[in-house]
Amino acid sequence: LGERARSRVKSVILMLRRHAQTAQLEAQQAREERDAAIAQARDQEKEIAKVRKVVKCMTRYVEELEDDRDHARARITDLETQLGAQQAGADAAATQAELVRRLEEE
């Protein structure tokens with residue numbers, strides 16, 4: 001081959017080497033970006049799992065509070081009923097006492 005052809009071949013070889021190196025660097029960068037994305041996805045999955053656990057705990061807590069509230073309301077209703085019965089008994093006793101007093105006055 002002539003000098004010019006050899007120079008041209010060397011130039012093409014150098015150009016191909018540069019392209020190969022660029023392709024290798026781009027492939028490495030793509031792998032690193034993929035690995036970073038996978039790591040980020042794993043971190044997000046862990047965070048989602050934590051949030052789900054917190055939501056589950058909060059749901060149980062709310063259910064317990066609602067049960068406590070319902071029991072408290074039932075207890076209040078029972079106490080109001082007892083108080084009403086006691087008040088009715090007291091009213092009856094007062095009425096009876098008033099009748100006895102009137103009878104004694106007569």
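In the predicted model, Val 12, Met 15 and Leu 16 form a nonpolar patch on the surface. Together, these three residues present about 250 Å² of accessible area. Leu 16 belongs to helix H1, an element that spans residues 3-105.

The secondary structure of the protein consists of 1 helix and 0 strands. The overall dimensions were examined next. Along the principal axes, the C-alpha atoms fill a box of roughly 150 × 15 × 10 Å. The radius of gyration is 45 Å, whereas a compact globule of 106 residues would have a value near 13 Å.

Solvent accessibility was then considered for the whole protein. Of its 106 residues, 0% are buried. The accessible surface amounts to about 9900 Å², and carbon and sulfur atoms account for 56% of this area.

With regard to charge, the protein carries 20 positive and 21 negative charges. The mean position of the positive charges and that of the negative charges are 27 Å apart. A patch of negative charge is present on the surface, where Glu 63, Glu 64, Glu 66, Asp 67 and Asp 68 gather. One of these residues, Glu 64, is found in helix H1. The relative accessible area of Glu 64 is 48%, so this residue is classed as partly exposed, the limit for an exposed residue being over 50%.

The structure holds 6 salt bridges. Among them is a contact between the side chains of Asp 35 and Arg 34, with an N to O distance of 2.9 Å. Both partners are partly exposed: Asp 35 has a relative accessibility of 41%, and Arg 34 has one of 46%. Another salt bridge links the side chains of Asp 70 and Arg 69 at 3.2 Å, N to O. Here, too, the two residues are partly exposed, with relative accessible areas of 37% for Asp 70 and 39% for Arg 69.

A further salt bridge connects the side chains of Glu 105 and Arg 101, with an N to O distance of 2.3 Å. The two residues both lie in helix H1 and are 4 residues apart, which corresponds to about one turn of the helix. Their accessibility classes are as follows. Glu 105 is exposed because its relative accessible area of 55% falls in the range over 50%. Arg 101, at 37% relative accessibility, counts as partly exposed. Through salt bridges that share partners, Glu 98, Arg 101, Arg 102 and Glu 105 are joined into one network. Glu 98, which takes part in this network, is likewise located in helix H1.

Terms used:
Residues are numbered from 1 along each chain as its sequence is written. This is a predicted model: local features need pLDDT of at least 70, side-chain atom pairs count only at pLDDT 80 or more; totals for chains, interfaces and linings use all residues. Side-chain values use heavy atoms; hydrogens and water are left out. Patches are made of residues with over 30% relative accessible area and no salt bridge: like charges are joined within 9 Å, nonpolar side chains (Val, Leu, Ile, Met, Phe, Trp, Tyr) within 5 Å. Accessible areas come from the Shrake-Rupley method with a 1.4 Å probe; for residues, only the protein chains shown count as cover. A salt bridge is a side-chain nitrogen of Lys or Arg within 4 Å of a carboxyl oxygen of Asp or Glu. Lys and Arg count as positive and Asp and Glu as negative; His and the chain ends are not counted. The place of a charge is taken as NZ of Lys, CZ of Arg, CG of Asp or CD of Glu. Buried means under 20% relative accessible area, exposed over 50%, partly exposed in between (1.4 Å probe, protein chains only). The radius of gyration is taken over C-alpha atoms; the globule rule is 2.2 Å times the number of residues to the power 0.38.
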